[in-house]
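Please look over the sequence and the coordinates first, and then follow the text from one interface to the next.

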Amino acid sequence: MNRSPIPLLVLTLAPALLGLAVFRAYPIGLALYESLYTTIGGERVFAGFDNYLMLLTDVGFWKSLRVTLWFNLIINPLQVALALALALVFVQKLPGMAFFRLLFLIPIGISLPVAVIIWRIVLLPEGFLNGALGIVGLGPYRFLTSPDFALYSIIAIATWKGISYWMIFLVGGLQNIPPEINEAARLEGASPWQRLWLITLPLLRPTLLFVLVADITINFLLFAPVFMLTGGGPRGSTNVLMYEAYKSGFVFGDMGRAMAIVVCLVALLLVIVAIQFRLLSSAPKEAK
Amino acid sequence: MPPILRKALIYLAIAAVAFVFVLPLWWAILSSFRPNEAIFRDLFPFTPRALWPEPFTLDAYVAIFERGFGTIIANTLLVAGLTTALGLIVNGLAGYAFALFEFPGKSAVLGIVVVSFMLPFEAIAMPLYSVVSQLGWIDHVAALVVPSVANGLAVFLFYQFFQQVPKDYYEAARLEGAGWLRILWSVYVPLSLPTCISAGLMLFIFQWEAFLWPLLAMPAQQFKVIQVGMAAFQDQYTTAWNQLFGAAVITALIPMLLLIPLQRYYVQGLAGSGIKG
Amino acid sequence: MSGLELKGLRKAFGLTEIISGVDLKIADGELVVFVGPSGCGKSTLLRLIAGLENVTAGQIVIGDHDVTKVDPAKRGVAMVFQSYALFPHMTVRQNIGFGMRVNRVPKPEAAARLEKAAALLQLTELLDRRPAQLSGGQRQRVAIGRAIVREPDVFLFDEPLSNLDAELRVQMRGELAALHARLGATMIYVTHDQVEAMTLADRIVVLRAGRVEQIGAPLDLYDDPDNLFVAGFLGSPRMNFLTAEVQPDGRLRPNGYAADLPSPVGGLTPGRRVVLGCRPENIEITDDGALTASVKTVEQLGASTFVHADCASSVVLAAELRQRWSLKNQTTLRFNLPTASTQLFDADTGLRIRQ
């Protein structure tokens, strides 16, 4: 491959790189910059680290952070585990599986707002789920308006919508494992359970890591269900940081605080992802 | 465990999962064909008739379109279609350049492109609002289309594909005297059709499902796209359940019509990016 | 160690039958090679024996036990896969010890068995490496090591040498033969390479389209094939075949020739169509030969010379000569098929016509 003329390179690369620079990279810089400003009486004033310092003593921020962390602590392991279980079923070669595979893929075609609307009505006190639970004498529950249930309802909806998507990546990873590897383990006398733990999961580790990291980044920034379902309530029980930032910037007009929250959120996300990578990708070396 | 019992258990588990996936949708679909006052009938106490669209009516759909849902669908198709077409050209060219040309700093630039798609759109939606308002695009269609055209994942998919096409094709075509555009158009584009489909689907669905960004970028709500339109619909007609379901069904239907015949490409594109990414 | 018996074995995937009734008895300690063109069902047969595929009909007996419905792990078989199927995330030691680990073999015994196998296969130095750090031949030995430590009744090899380069293949072939001699174990070996079959086997099973064509010791099959397929499959270049018609006097007239040849078999019905088979090394090129052919190519290999010539009926004749040969292309040569080393087949059924 020889070196190519500069005009050609510019022509082919410039549109995409320019787009990424202006609409991806620049906003990140801008967020950092704007988080150093505040708006007082319609005037933008340089505030240094005041926005961040104020967050430190801001009860609303800390409560929202707690909700975000608790939300992620539950939803990410749950989604990855369910997506893995689904992927393991998806790759089974059984008669009639083609039909079930199609059903498994259905939530991918459904956007989160659509899922939210459908589930909102399903979850109403007079809705379908309470009706079905009524058969066994349970309920009715206020799934969306009780502080005890609302966050978990959002988790359930996001999980219902999300796991098919993550399943696809895991199916790709599973299909990348040569079938003879499992056959060899089977001949050696490994039970299905042992094959899962000793062969499949270790070989799936890179894909699992990818899915976990990608899932965390999405869920840390989850917005639509909170916006549409609960508006952060009841009693702040679903007020995740992303929604708190949105309210700050677009409801209360404090862009500086909004940007500071987004920067904190992304920084926190990066730290968690970095820890994940360290923990999960160094494990095989220790196993030696 | 006897094999027959095991098989039965596996099928039972599969059916249960499929049930959970399908049931809410089924209820939504059939409810959209019921009159509004009949939505919650048959639930308390629960009877199997709750799973059948009866009494049957198309009122909900008629009402939705009377309320301008058709324009919203057209708007979204326009935005998603434009983004897909421009995105395929822009990202395809960049993927081609990364795969076939050598230039200093290539791997670093490629690395940044790859990292850029690991950061979700939501993370930059708010600062992006400032960028777009500096450009004066707030409440303008360009605000929805232009920022979404360049897509790191699409560049990566094309790069990955073009890279595994044997270099001999390029060199053979060069020896025949073909220029790079000719080579791209008559050799690489036809070969890359599956990648075009998976990248195109990705761009289209991304736009179809966009919610936070259109919400921020189009505050006047003159030009509504579907997800935002639906959410607004929900706020306005809180208890028009059958219409809400109807809007949700239509919103889900269009990407499904694309996904079901093309699911193979979508799945391959996604799964491939996960393994290598 | 024990023998193995297949009784009326059948395997169908949907409506397509891959194995159509195989009966076979393998003695204790025997090395049997399944050979045949691709798609003949040889790998499927091996996977049926291993238990990786379910039998449609018939029986598999290992030793005294009917294992037809027994779990693969409990059949007492070990398999070496074409791709070796080594676990990429485990070291050589963990790979070889995997079976003993999942079967909870006591640690001291497991270690002893592992050391023994490693020493036998010269893997002791490599025990802490991973498969990715090994050469092709070393991976092959690890796969064999994993089979050995299980101390199976029957070893199964599925084209184990096909991923190696030519030189290494010859070397590993020798090592496998030595291993068999040393362990004295029952082994079944699948290959499409007739040279591997000829050199390794105690007995060869030639398969075609899910059926056994012939079973026998390598040289017996070579010298005395039962049908055209076996005759043509073993030997390179393959046996020459000339279609001929039985004349009223019992002699044979090859298609396109005016000369008659004596028949190796008497009492044939005049007018019957037969195929004359003669191996390249048996063709006699002499000036008083009864048949003619036009030289197409001459390949000088040093020790031997291959002559390819066009016969009258557009059949290409191959002859292997011990002496060097200086004829140019296009020249006409005369040749004979020595009656004693010519075999006769029925042109319609392909079956051998014996006296």
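Glu183(A) and Arg47(C) form a salt bridge in which the closest N and O atoms are 2.5 Å apart, where a salt bridge is a side-chain nitrogen of Lys or Arg within 4 Å of a carboxyl oxygen of Asp or Glu. This is a predicted model, in which local features need pLDDT of at least 70 and side-chain atom pairs count only at pLDDT 80 or more, while totals for chains, interfaces and linings use all residues. Residues are numbered from 1 along each chain as its sequence is written, chains are lettered from A and ligands numbered from 1 in the order in which they are written, and side-chain values use heavy atoms, with hydrogens and water left out.

Between chain C and chain A the count is one salt bridge, together with seven residue pairs in polar contact, both residues being at pLDDT 80 or more. A polar contact is a pair of N or O atoms within 3.5 Å; within protein, one must be able to donate a hydrogen and the other to accept it, and residues adjacent in sequence count only if both atoms are side-chain atoms. On the side of chain C that touches chain A, the elements that give two or more residues are α1 (42–50), β6 (77–80) and α2 (92–102) of chain C, with helices (H or I, at least four residues) and strands (E, at least two) taken as DSSP runs numbered from the N terminus. Of these elements, α2(C) gives the most, with five residues. By class, this side of chain C has 14 nonpolar, six polar and six charged residues, where Ala, Val, Leu, Ile, Met, Phe, Trp, Tyr, Cys and Pro count as nonpolar, Asp, Glu, Lys and Arg as charged, and the others, Gly among them, as polar. In total, 26 residues of chain C are in contact (heavy atoms within 4.5 Å) with 18 residues of chain A. The area buried between the two chains is about 2,000 Å², of which carbon and sulfur atoms give 62%; buried area is the accessible area (1.4 Å probe) that two parts lose on being put together, summed over both.

Chain A also meets chain B, and here 83 residues of chain A are in contact with 87 residues of chain B. These two chains bury about 7,900 Å² between them, with 81% of it on carbon and sulfur atoms. Across this interface the rule finds one salt bridge, in which the side chains of Glu209(B) and Lys161(A) meet at 4.0 Å, N to O. Helix α1 (residues 6–34) of chain A gives the most to the side of chain A that touches chain B, with 19 residues, and by class that side has 64 nonpolar, 13 polar and six charged residues.

Within chain A itself there are 12 helices and two strands. Buried residues make up 56% of its 288 residues, buried meaning under 20% relative accessible area, exposed over 50%, and partly exposed in between (1.4 Å probe, protein chains only).

Thr68(A), placed in helix α3 (residues 59–90) of chain A, is buried because its relative accessible area is 1%. Leaving aside neighbours within four places in sequence, Thr68(A) is in contact with Phe220(A), Val240(A), Leu241(A) and Leu265(A). Asn239(A) lies in the loop between α10 (224–230) and α11 (241–251) of chain A, and is likewise buried, with a relative accessible area of 9%. With neighbours within four places in sequence left aside, the contacts of Asn239(A) include Ser64(A) and Val67(A).
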